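Hello,

Here is the structure for your files. My notes follow below it.

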Amino acid sequence: MIGRVVRRLGSLLRGLPRRSLAASFGLLILVGFAAVMAARPIAWPHGPAQVDTAHILKAPSLRHPLGTDANGRDVAARVMDGTRYAFAVPLAAVLLGIVLGAPVGLIAGLVGGFADLLLRRLIMAVGFIPPLLLALALVAAMGPSLRHVVIAIGLLEAMFFARAMRAEVRAMHESGFIQGAVAMGNALPRLALLHLLPNTLARIAGEIPRRVAWALGTLAVMGFVGVGTAADSTEWGEMVREGVALMYAGPWWPAIFPGLALLLLGFGLQLLAAGISDLTGRRPAALGGAMGGVPH
Amino acid sequence: MDQPGRTILRLLGLAVFLSLVIVAISFLLIKLGNTPPLVLLGGPNPTPEVQAQLVGDYGLNQPAVIQFLRYAVRMLGGEFGRSWLTGEAVAGELFVRLPATVELMLYAVLLGALIGVPTGVAAAFNRGSAEDRVVRGGGLLGEAMPAFLLALLLLLVFFRWLELAPAPAGRISVVLTPPPTITGSYFIDSVLMQDSIATRSALAQLILPVTTLALLIGATLTLSVRGAILTQLQTAHFAYARAQGMSRELLTVIALRGAAPTIWAGANRQFAALLGTTAVVEFVFAWGGVGQYGLDAMVKADLPAVQGFILMTGAFALLVHALAGVVRRIARLRFTRA
């Protein structure tokens, strides 16, 4: 079973560059970041918290390719260390969003009627509040902690997945899939778990890169504004915030390099998302970049 | 078709429901906090008299539903409470900052449309060409671009290195007195006052924030215009128009007219998100608008200000959505009559 999955994945990856260059480049960027994150502790000479008092705010050089910050710490090591946040927080938030949102959307789509209308109107109403600002406000209200950051972003992702799931289930109503399954004698819970969930989740999975990109951008804004993430962490937005005052005075590298890492990873996710849209021939349900959000 | 009267009633009912949900969200924000409301309102050691008055004023001894209803009535009446930090009325603080935000967004949306629509149309008409790939890649890069990073990159190049742009310190040079408020836009007001120095300063301060926002809007718009036009190019009526040998300009007009509803709806859906992006840009440039006020309040956990801010942005987006719907209906009427 596992061998078959690995073989199928292998043949899928081999054929990918021919079928979608965008998706391949996107995937390459993601794998690159993961590899750098994994290799950093053994392969990089400097640690993220290691202070080099002889080299404070030094411009990029051979010794410190991305320069050093105001405490004499290696910016490159800190950017690489920050990859942990960039992967963990958005992935956790999107997972939370699927776990919370998909069942709600599934049930609403299946039951229809007033419950469905109420869910749609609720999501529509919340959608008028800029999702980025709502996520920040939630964290500001709950108090700063990484767990609250995940919850706040996850709740907004849940709205997206509830909406997307509901739309998929309604589409299955229209295709006659559900009526067919009911006619075959499936009870509703069995129908939902065995037939609808696998079929809809696979389609919703195509949206994941775009949602991860949105979560990543939101996390970075939280760090940049100073809501939620711990001061002096290596989260990229937080690193940019600490570098801004320095940038106006001269040394630009502590602010710009973590920002560029964020841009590159976000671009990789957008490429992957665009590639998936091309491959499946499905138009994206919502845009997910700096401007993107939860649609209404 | 149902009668217009019923449609209007249904839309009004929807608007009331949507507003109530938005109010409920902002109400929940304060309920989420783990600080007891008495401490938040009355300071660390409120006297018993102050406590009793606060409990009475805010209905703290009543069930949450009643508290919510009282809250909703106060909010819908435009009374947003007072900031915990400054003691100023939040509604007034937001109101004086509104012109700054509206001015920034207005110029950025206009410039963004000037960037986004032509490039999107050109890319769609030359699908697969090098031009199309550059536009599409640029659009995706713009989607992935964090607003604060683009702002900082522009500041690094044009303020720090080339010294062409002024420092990111608000809407007019700090050594100048702002013009008297006529429209609330420093630029327009100083033009009206025929103050050329203030005009030049206000204009210079506008350039980088407007460019930042316009590039981000342009990137999103390019992709949606490109997609909408591509769909139009595959329609039968477009193939017919092309077969008639119409000029490129006429074909563009035909495709744009067909794509307009899709583009309009897409732009409409993005408006709420644009308010978020605007807030971040304001924050970087210390713009002094509503967005910066809101983000500052979040950093300081000044929850009444955060509540008022969230409520106001939600209401603003709802209002724009309603107006866009009216425009769409009028446009459709005109098209069907023509």
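First, the ground rules. This is a predicted model, where local features need pLDDT of at least 70, side-chain atom pairs count only at pLDDT 80 or more, and totals for chains, interfaces and linings use all residues. Residues are numbered from 1 along each chain as its sequence is written, while chains are lettered from A and ligands numbered from 1 in the order in which they are written.

Chain B

Chain B has 13 helices and zero strands (DSSP runs numbered from the N terminus: helices are H or I with at least four residues, strands E with at least two). Helix H4 of chain B covers residues 64-76, 13 residues in all. Its first and last C-alpha lie 18 Å apart, close to the 18 Å expected (1.5 Å times one less than the number of residues).

The C-alpha trace of chain B spans about 85 × 60 × 40 Å along its principal axes. Of its 338 residues, 38% are buried (20 or more other C-beta atoms within 10 Å of the residue's own, with C-beta atoms placed from the backbone).

The interface

On chain A, 50 residues are in contact with 47 residues of chain B (C-beta atoms, placed from the backbone, within 7 Å). Helices H4 (113-127), H5 (131-142), H9 (208-225), H10 (236-249) and H11 (253-280) of chain A each supply at least two residues of that side. The chain A side divides into 38 nonpolar, eleven polar and one charged (nonpolar: Ala, Val, Leu, Ile, Met, Phe, Trp, Tyr, Cys and Pro; charged: Asp, Glu, Lys and Arg; polar: the others, Gly among them).

Best wishes

Terms used
A residue is buried if 20 or more other C-beta atoms lie within 10 Å of its own, exposed if 12 or fewer, and partly exposed in between; C-beta atoms are placed from the backbone. Two residues are in contact if their C-beta atoms, placed from the backbone, lie within 7 Å.
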